[in-house]
Amino acid sequence: MTSFIIEKTETPTDPIKRTELLANLAFGRIFTDHMAIIRYSADKGWHDAKITPRRPLSIDPASTVLHYGQEIFEGMKAYREKDGHVATFRPEANAARFAESARRMGMAELPEDLFVQAVDELVRVDQDWVPSGEGQSLYLRPFMISNEVFLGVKPANEYLFIVIACPVGAYFGSGCVSVWVSENYTRAAIGGTGEAKCGGNYAGSLIAQAEAKEKGCDQVLFLDARERRFVEEMGGMNVMFVRKDGKIVTPPLGGTILRGITRNSLIQLAADQGIEVLEEPIDIDELFSGAASGKYTEAFACGTAAVLSPIGKFVRPTGEAVFGDGKTPGPVSQQLKKTLTDVQGGRTNDVHGWIHRI
Ligand code: PLP
Ligand code: COI
């Protein structure tokens with residue numbers, strides 16, 4: 001265990017004000033009082049682990065992250081369990097993915113146990129910020145930036161790892177989301193950074209997300225970069241489809257999409273209920289005709305922020321693929337969402353050992 005210096009804020013949020021903030025939660029605009037921070041330099045390794053008041057960073061204008069974008073992040077949540085304790089969900093999976101992202105981006109690798117410890121230390125200090133309402137949680141955002149003062153193009157020698165936290169409610173409103181199929185833009189190509197959770201992937205996706213909004217949709221779906229034919233993933237979540245034969249289909253992990261921890265958990269939970277999940281390429285034309293013929297009965301997005309969000313329709317310039325009445329979540333989506341959120345909220349037996357009590 002690394003020893004963290006704990007520097008608590010002298011001006012914590014007033015508990016009455018905090019209760020007011022927690023009563024009215026959107027996604028990602030309210031932050032807790034503290035942050036975790038650990039520094040890395042090539043000569044000292046990881047050092048100076050601290051919990052400090054949450055405050056702005058001071059970065060040199062020549063800091064490498066501002067020029068070449070060496071940045072990676074994670075998304076995970078702490079939940080108020082049914083028994084009142086606070087727990088995170090599969091944090092070691094986030095730690096492992098963070099290390100993979102670091103390797104892909106040529107960044108220093110943070111030991112996985114130190115990642116988990118940093119998150120635990122922050123959640124412990126800010127535990128009063130973990131909300132208990134339905135669909136609410138404390139969203140945790142571990143991230144790392146390169147921070148060497150140097151304009152040469154090479155992997156940096158200095159890094160900052162930071163964890164911030166924000167209490168959140170649902171990412172989308174209730175009901176079903178609508179999804180625009182991007183034909184103009186792709187997200188990731190083979191050999192690229194699609195499987196890494198790096199800021200650059202999101203920067204490149206924002207114009208497509210803006211196009212989706214312009215078309216009246218909530219989210220964007222990307223197709224493969226080579227043929228623009230196979231479903232990959234959405235801007236900030238993986239995607240799954242339920243077929244009439246009762247099977248679930250989801251695009252395979254081929255290096256261009258994120259290895260979603262929610263995706264992986266749902267595959268396991270579906271299998272536990274005897275539902276087969278096929279990880280197979282999904283042709284977008286076949287998906288549109290299959291929605292019309294009834295071969296595909298439900299679609300949903302899955303991710304830490306999105307949890308499991310039913311999709312009512314996909315829209316592209318030539319038409320729409322509508323699931324059910326386009327507004328009402330289907331039974332398989334609802335059942336799987338309940339199974340997942342019951343595990344996360346400590347309302348059911350944690351048979352897979354996914355709950356990490358803090
Ligand atoms: N795909 C993308 C592009 C994402 O941003 C996310 C969210 O983190 C996911 C998939 C789902 O990953 P996870 O379930 O690990 O949150
Ligand atoms: C997450 O689900 O954690 C993400 O990083 C996606 C983003 C939509 C917040």
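Predicted model: local features only at pLDDT ≥ 70, side-chain atom pairs only at ≥ 80, totals over all residues.
1. UniProt positions are given here in the numbering of this model, with feature names shortened, and annotations may be inferred rather than shown by experiment. With that in mind, the unreviewed UniProt entry puts "modified residue: N6-(pyridoxal phosphate)lysine" at Lys197.

2. Residues are numbered from 1 along each chain as its sequence is written, while chains are lettered from A and ligands numbered from 1 in the order in which they are written.

3. Back to Lys197, which sits in the loop between β9 (177-181) and α5 (199-214); helices (H or I, at least four residues) and strands (E, at least two) are DSSP runs, numbered from the N terminus. Lys197 has 22 other C-beta atoms within 10 Å, so it counts as buried (20 or more is buried, 12 or fewer exposed, in between partly exposed, with C-beta atoms placed from the backbone).

4. Who touches Lys197? Setting aside neighbours within four places in sequence, Lys197 is in contact with Ile72, Phe73, Glu74, Arg97, Ser101 and Leu258 (contact: C-beta atoms, placed from the backbone, within 7 Å).

5. Around ligand 2 you'll find Gly75, Gly236, Gly303, Thr304 and Ala305 (C-beta atom, placed from the backbone, within 6 Å of the molecule). That shell divides into one nonpolar, four polar and no charged; Ala, Val, Leu, Ile, Met, Phe, Trp, Tyr, Cys and Pro count as nonpolar, Asp, Glu, Lys and Arg as charged, and the others, Gly among them, as polar.

Note on methods:
Contact = placed C-beta atoms within 7 Å.
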